[in-house]
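This report looks at how the parts of one protein model are put together. Please have the coordinates open while reading.

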Amino acid sequence: MTGFATPQDTAARTAAALDAAVEAGRELGLDVGEAEVLYELFSVVVHLAPSPVVARIPVVLPATTTLDSLAARQRDELAVASWLAGRGVPVIEPSPLTPAEPVRRGGFSMTFWAYVEQDRGREPDYAANTESTARLHAALRDYPGELAFLSSAEPEFVTAALAELAGRPDLLAADDLERAVREWEVLEPLVRSREAFEARFPGVDLQPVHGDSPPANIFHGVDGDRYSDFEMVTLGPVEWDLGGLGPLAPAYDEGAREVGIRELDADVLAFVDAVGKLRIIACLTLAPQLPVLADYLTPAVDQWRAGAFAGGVVAG
């Protein structure tokens, strides 16, 4: 395999993101003398200590994502999180010590968030988190801002990634790629067009949704649970937030009944599962930037390979 980042490359990228966050924080008037990296994977997350501010700096991005398009997505994230916080929904909110705008430094676009101490003794309860997701959806229904339809599916990225994989048999075998391309031909029209989606799934309402598996993005703080990481917020069916979590559907349905919103639709859930698996295939192209990703994705690719074509979804 060629063109993969070395540990030295990754360390240099993290150091550059840390330096950019410290510089931006200092320019915003923050005390950043004890800044430290809390977490790094797709983003580098920096606590600008001793200030109670966390900077999140995306560092592993598709070639189709520009700093301008990333900043537009970050503005949606900041707006939604601010709106939810203002309505008393427990979220990790934008820092009140900085403008609620993305900041560009050192070739990165970053956002700033209130520091919340994590309860490191708690293990995630995905059934409880899935039930809680229905409460988040109920709150999001009234969000007044405009959001693009299924932007978190990133169709441009999937299309470009499938083309790139044609030249990377080290990442995906040719017969797997041929199947993925045929599946995308079925699914792409439903992802790109709200009208096509609504024709295929009549009566399924759309609303603002988290966009990136909220059951896996509930932060366990010492003062309680908070919804977090709205980086992929979008307009879509609520099923989009439950992709890959079909066995936990009863927990969501119980929560939905409690807050008076609709339960999950099995056909739509099959659709979002199928799209999600193709996004996993597309994410193989990010492995050169993040080599550990290949190991994370292999089980999901094996599951996709063994499953029904396009998840059994047929465009109508």
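With which residue does the side chain of Glu154 meet in a salt bridge? In this predicted model, the partner of Glu154 is Arg73, and the two side chains come to 3.2 Å, taken from N to O.

The protein is divided into domain 1, which covers 5–25 + 34–112, and domain 2, which covers 124–310. Their centres, taken over C-alpha atoms, are separated by 22 Å, and the contact draws 25 residues from domain 1 and 30 residues from domain 2. About 2,400 Å² of area is buried between domain 1 and domain 2, with carbon and sulfur atoms giving 66% of it. On the side of domain 1, Val80, Trp83 and Ile92 together supply 22% of the area that this domain buries against domain 2, which is more than any other three residues. Across the interface of domain 1 and domain 2, four salt bridges are found.

Helix α3 and helix α7 pack at an angle of about 35 degrees, their axes lying 7 Å apart, and α3 passes α7 in a right-handed crossing. The residues that make this contact are listed below.

| Helix | Range | Contact residues |
|---|---|---|
| α3 | residues 126–140 | Ala127, Thr130, Glu131, Thr133, Ala134, Arg135, His137, Ala138 |
| α7 | residues 249–259 | Ala251, Tyr252, Glu254, Gly255, Ala256, Glu258, Val259 |

Sorted by class, the contact of α3 with α7 consists of seven nonpolar, four polar and four charged residues, with Glu131 and Arg135 of α3 and Glu254 and Glu258 of α7 among the residues that take part.

Methods. Residues numbered from 1 in each chain as written. Predicted model: local features only at pLDDT ≥ 70, side-chain atom pairs only at ≥ 80, totals over all residues. Heavy atoms only, no water. Axes fitted to C-alpha atoms, helices over the stretch in contact; angles between N-to-C directions. Helix = DSSP H or I, 4+ residues; strand = E, 2+ residues; numbered from the N terminus. Left-handed = near helix turned anticlockwise from the far one by under 90°. Contact = heavy atoms within 4.5 Å. Nonpolar A, V, L, I, M, F, W, Y, C, P; charged D, E, K, R; others polar. Domains from an automatic or database assignment. Buried area = accessible area lost by both parts, 1.4 Å probe.
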